Amino acid sequence: MVFVARAPADALVVQGSRDVSVFGVLAAVVGGAGVTDVFVNPDGSVWADAGSGAVVVEGMRLPPDEARELAVRLVSHGGRHIDEATPAMDVRLGDGVRVHAVLPPVSPGGAALSIRLQRTRPLSARELAEGGMFADVPLDGVRLLVRRRANLLITGAGGSGKTTLLGALLALAPPHERIVVAEDVAELRIRHPHVVTLEARQPNLDGAGAIGLDRLVREALRMRPDRLVVGEVRGAELRELLGALNTGHDGGAGTLHANSLADVPARLEALGALAGLGADVLARQAVSAIDAVLHVERSGGGRRITARGALDVDRRGRLAVVVT
C-alpha cells in the first residue's frame, strides 16, 4: 500500500483552516485528508499515516541537502535552532503541529523529520464514542469520573490517542473551572472557555534559560487551577504532579507512555527514580493521587480505551494496578 500525494491547486495548502505551505515540498502530504503523521527518513523516503498506519508516499524522495534545509527551516519557524552542535530539536508550529528534527551526526544517514498533526478542531467525547473509543469502557462511566473530579492518568503507546482523549474529557469540565496545562511542547487542545497553557523552554545557544516541566507544574500551582494537567509525564515533573494531586488539587490529569495497563506501575517507578522517589514512597503517593487509569490502544485503524484500572499497593509495598 502506498500513499499518493496529489499536487496542490495553488501555493497555499490548507488542511481544515491550517496553512501548511511552510512545509514546502511536503505540503501536499501534510495537507492530505486525515493525515496525522508524516515522516522523512534519513534515506530521503517520505511516509504518511492517515489513520491506518504509516505508508510510503509514492514518487517522493528528498535529497539529503533538501531534507536538511527543510529541517532547519521548520525548526527556525518554531523559534528554535538546529545545527551540528544542537542536532536534535522539538518544536511546535502554528496551531499545534509538532515537528521533531534530527541531523547528522546523531542521525548518521541524513536528516530525519517526524511531523505530528493535530486536528484543527478537536474531537468531542461524543465524536470519539461514535468512532469506537468507548466500545470497551462506556462513556457514561468515564464522564462520571470527570464530573466527580477524579484525578486521571491516561496511558498508551505513541500515537494511540492519549492526547486526543484527554482533550475531549477536559472539555466536559464545567465552563467556570480554570484548567492550567503544562506541556513540553504544547499540543493538547481543549474546547473549553477557561484554559491556560504553559510550554517548556529549551536552553538557548549558551545553554541557559531552560524551563522544564517540573518548574512549570510549580508555576501552574500559583495560578489557582481548578484542574491541573500535565500533557505528558516523562521525568521529574511526576514528583511535582503527585505532590499537587495529594494536597487538594483534584480533577487533575496527565498522560503516560505505557504499552499496557500492566506496564503502568513499572513506568511510574522508572520515572519516580528519575525524580528521586523510592519505590515505596512512589507507591503511596501514586495510589493516593491517581483515582483512575485509562489505557488507550490503536488497532484496526481505530483508537479505543481497552482497559480501566486503579493503582494499588501489593504485599511487598510495591505499586500495582488492578482492572476496574
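## Helix α4 and its cover

The buried residues of α4 are covered by elements that include α3 (125-130), β10 (152-156) and α5 (162-170). β13, β15 (292-299) and β16 also belong to that cover. The model is a predicted one.

Which residues of α4 are buried? Within the helix, which runs over residues 139-147, they are Leu139, Val142, Arg143, Leu145 and Val146. Viewed down the axis of α4, these buried residues fall within an arc of 150°, so they line one face of the helix. Asp140 and Arg147 sit on the other side of α4 and are exposed. After α4 comes Arg149, with a positive phi near 60°.

## Confidence

Mean pLDDT for the protein is 90. A value of 70 or more is reached by 94% of its residues. Confidence is highest in β10, at 98. It is lowest in strand β2 (residues 14-15), where the mean is 40.

The pLDDT is below 50 over residues 6-17. Beyond near neighbours in sequence, that stretch has 20 contacts in the model. Where pLDDT is low, predicted coordinates should not be read in detail.

## Nonpolar cores

The largest nonpolar core has 34 residues. Val264, Leu268, Ile290 and Leu311 have the most contacts inside it. Several elements give two or more residues to this core: β11 (179-183), α6 (213-221), β13 (227-230), α7 (237-245), α8 (264-274), α9 (279-289) and β16 (302-313). Which element gives the most? That is α7, with five residues.

Leaving aside residues up to four places away in sequence, Leu311 touches Val264, Leu268, Ala286, Val287 and Ile290, among others. Its contacts also include Val293, Leu319, Ala320 and Val321. A second, separate core has 32 residues, including Phe23, Val35, Val46 and Ala111.

## Helix α9

Leu282, Ala283, Ala286 and Ala289 are buried in α9. Around the axis they cover an arc of only 150°, which puts them on the same side of α9. The buried residues of α9 pack against α7, α8, β16 and β17 (319-323).

Val217 lies in helix α6. Is Val217 buried or exposed? Its relative accessibility is 0%, so Val217 counts as buried. Not counting residues up to four places away in sequence, Val217 touches Ala182, Leu228, Val230, Glu237, Glu240 and Leu241. Val217 and His249 are 32 residues apart in sequence; their C-alpha atoms are 12 Å apart.

Glu269 is placed in helix α8. With a relative accessible area of 18%, Glu269 is buried. The cut-off is under 20%, so this value qualifies.

## Salt bridges

How many salt bridges are there? The count comes to 21. One of them joins the side chains of Asp43 and Arg61, at 4.0 Å from N to O. This pair links distant parts of the chain, 18 residues apart. Asp43 is in the loop between β4 (37-40) and β5 (45-49), while Arg61 is in strand β6 (residues 54-61). Asp43 is partly exposed, with a relative accessible area of 49%. Arg61 counts as exposed, at 56% relative accessibility.

Arg234 forms a salt bridge with Glu232, and their closest N and O atoms are 3.1 Å apart. Arg234 is partly exposed, at 36% relative accessible area, whereas Glu232 is buried, at 17%. Another salt bridge brings together the side chains of Asp314 and Arg316, at 3.3 Å from N to O. Asp314 counts as partly exposed, with 25% relative accessibility. Arg316 counts as exposed, with 66%.

Notes: Residues are numbered from 1 along each chain as its sequence is written. This is a predicted model: local features need pLDDT of at least 70, side-chain atom pairs count only at pLDDT 80 or more; totals for chains, interfaces and linings use all residues. Side-chain values use heavy atoms; hydrogens and water are left out. A nonpolar core is a set of buried Ala, Val, Leu, Ile, Met, Phe, Trp, Tyr and Cys residues joined through side-chain atoms within 4.5 Å. Buried means under 20% relative accessible area, exposed over 50%, partly exposed in between (1.4 Å probe, protein chains only). Helices (H or I, at least four residues) and strands (E, at least two) are DSSP runs, numbered from the N terminus. Contact means heavy atoms within 4.5 Å. The arc is that of the directions from the helix axis to the C-beta atoms. pLDDT is the predictor's confidence in each residue, from 0 to 100.
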